[in-house]
Amino acid sequence: MTSVEVTTTHLRENPYELAREQLSRVASIFEIDPNLVEVLGRCKKAIEVSIPVAMDDGTTQVFIGYRVTHNIARGPSKGGIRYHPDVTVDEVRALAMWMTWKCALMGIPFGGAKGGIACDPKKMSRHELEGMTRRFTSEIINEIGPEKDIPAPDVGTDGSTMAWIFDTYSMNKGHSVLGVVTGKPLTIGGSLGREEATSRGALFCLRDAVAKLDKSLAGQKVVVQGFGNVGSYLAQFLHQEGSIVVGISDSTTALYNPKGIDIPAAFAHKRETRSLAGVKDAEVITDAELLELDCDILAPCALEQVITEQNADRIKASIICEGANGPVTPSGDAILEDRGVLILPDVLANAGGVVVSYFEWVQGLQEYFWKEVEVNAKLNDIMSKAFDETWETAQSRKLPMRVAAYGLAVERVAEATLTRGIYP
Ligand code: NAD
């Protein structure tokens with residue numbers, strides 16, 4: 001038996017400490033009771049499990065997995081499951097805390113959770129991934145459920161992963177439990193519009209932001225880092241709106257064309273080869289250069305901590321749309337704030353995914369499914385309301401959008417906690 005060891009990481013700073021720092025800053029600006037900040041700064045529950053997997057070569061590997069619940073004051077906890085070599089419990093804790101703020105900002109009745117397994121899904125066969133997912137589900141089976149904690153896809157997981165979780169959970173309960181996960185394939189109770197929802201929400205957010213600046217998305221020069229679920233659909237949507245997508249990247253390749261990349265062709269190429277390597281009519285650059293390209297809108301849609309104090313002063317975009325969770329560190333944030341860059345923070349910009357996950361959960365509980373136009377219209381309503389509330393708070397209190405968004409969210413969770421009272 002071998003254990004999987006992780007040696008390198010994309011995380012320069014401890015994400016959980018950064019998330020706690022953000023909370024303290026926001027809590028002091030919004031004058032939240034320090035006793036409540038103590039409560040909100042901790043995760044309610046974190047479990048670590050070992051996951052033995054029979055690999056195709058006959059060996060057994062043991063992977064480490066986590067499921068963390070940050071807070072359930074406003075409803076059952078909700079959050080994705082990440083498969084990536086760098087996953088640590090502190091990364092999962094930070095992501096769980098951000099989920100709490102995101103759901104509160106959107107006004108949907110969920111708390112925050114997250115899960116992950118330290119593994120490299122790109123190096124595993126489908127059979128190995130299925131075995132790992134089913135064993136992980138069994139290990140956390142008493143922690144999840146439609147009224148308790150509802151996983152969804154995140155980096156390195158997708159509809160198939162959710163199908164295996166749904167099936168394993170349902171087999172153990174003896175009947176199909178549609179509400180146990182979201183992001184399921186349509187054939188087994190997924191929601192129309194869920195796959196593109198995070199990107200569509202980011203698009204609505206960008207549309208509203210440029211409108212406030214008396215502009216439109218047409219003609220805006222855009223760079224998108226990450227070409228997975230979030231980045232690839234966002235690039236497609238912006239291309240359809242007439243924006244000029246001059247840069248895109250994935251973990252293997254970064255591409256640049258000042259006249260605009262052929263996004264439908266890049267999308268098809270990525271679908272076919274699972275990589276951006278070999279996309280035509282674009283210059284290959286480094287990922288660091290990509291972030292610093294001359295553009296109006298930069299959308300980091302890959303991983304955390306890509307904009308830091310080391311590169312923030314070289315970012316040329318005037319709007320940053322955080323498709324990823326936590327792509328800008330607090331020290332990077334401070335530099336961008338001073339430079340007047342408009343940041344559409346993660347808890348707002350990428351919340352479309354959890355909003356449509358909420359719709360999927362509701363549809364699953366009622367076993368009554370909506371048309372795609374209905375899903376998209378309801379998503380638009382919720383995103384626009386959250387954008388307007390955040391914008392108004394930022395303007396009236398002269399705050400950056402991130403502080404306004406987190407402030408509104410933390411106030412709501414604090415209020416729910418106070419209303420319920422501290423048990424016992
Ligand atoms: P994904 O696995 O589908 O895609 C991630 C992409 O990032 C891949 O194309 C990968 O190649 C690329 N990538 C990884 N490292 C990179 C690097 N150093 N430079 C450039 N590209 C790199 O994951 P996803 O679901 O699209 O999630 C992306 C981000 O969005 C994560 O931060 C996730 O937490 C966040 N998010 C996802 C959802 C969702 O619904 N999927 C919702 C909200 C937030």
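**Aromatic rings and their contacts**

Ring pairs join F110, Y358, F359, W361 and W370 into a cluster. Rings of Phe, Tyr and Trp (its six-membered ring) pair if their centres lie within 6.5 Å; planes under 30 degrees apart are stacked, over 60 edge-to-face, and the rest tilted. The count by this rule is 8 aromatic pairs.

This is a predicted model: local features need pLDDT of at least 70, side-chain atom pairs count only at pLDDT 80 or more, and totals for chains, interfaces and linings use all residues. Residues are numbered from 1 along each chain as its sequence is written, and side-chain values use heavy atoms, leaving out hydrogens and water.

**F110 and Y358**
- F110 and Y358 form an edge-to-face pair, 5.7 Å centre to centre with 90 degrees between the planes.
- F110 sits in the loop between α3 (89-106) and β5 (111-118), and Y358 in helix α12 (residues 352-366), 248 residues apart.
- Helices (H or I, at least four residues) and strands (E, at least two) are DSSP runs, numbered from the N terminus.
- F110 counts as buried, at 1% relative accessibility.
- Buried means under 20% relative accessible area, exposed over 50%, and partly exposed in between (1.4 Å probe, protein chains only).

**F359 and W370**
- The ring centres of F359 and W370 are 5.3 Å apart and the planes are at 50 degrees, so this pair is tilted.
- F359 lies in helix α12 and W370 in the loop between α12 and α13 (372-397), so the pair ties together parts 11 residues apart in sequence.
- Both F359 and W370 are buried.

**Charges over rings**
- A charge sits over a ring if NZ of Lys or CZ of Arg is within 6 Å of the ring centre and within 35 degrees of the ring normal.
- K378 lies over the face of W370, 4.6 Å from the ring centre.
- The charged end of R20 sits over the ring of Y16, at 5.7 Å from its centre.
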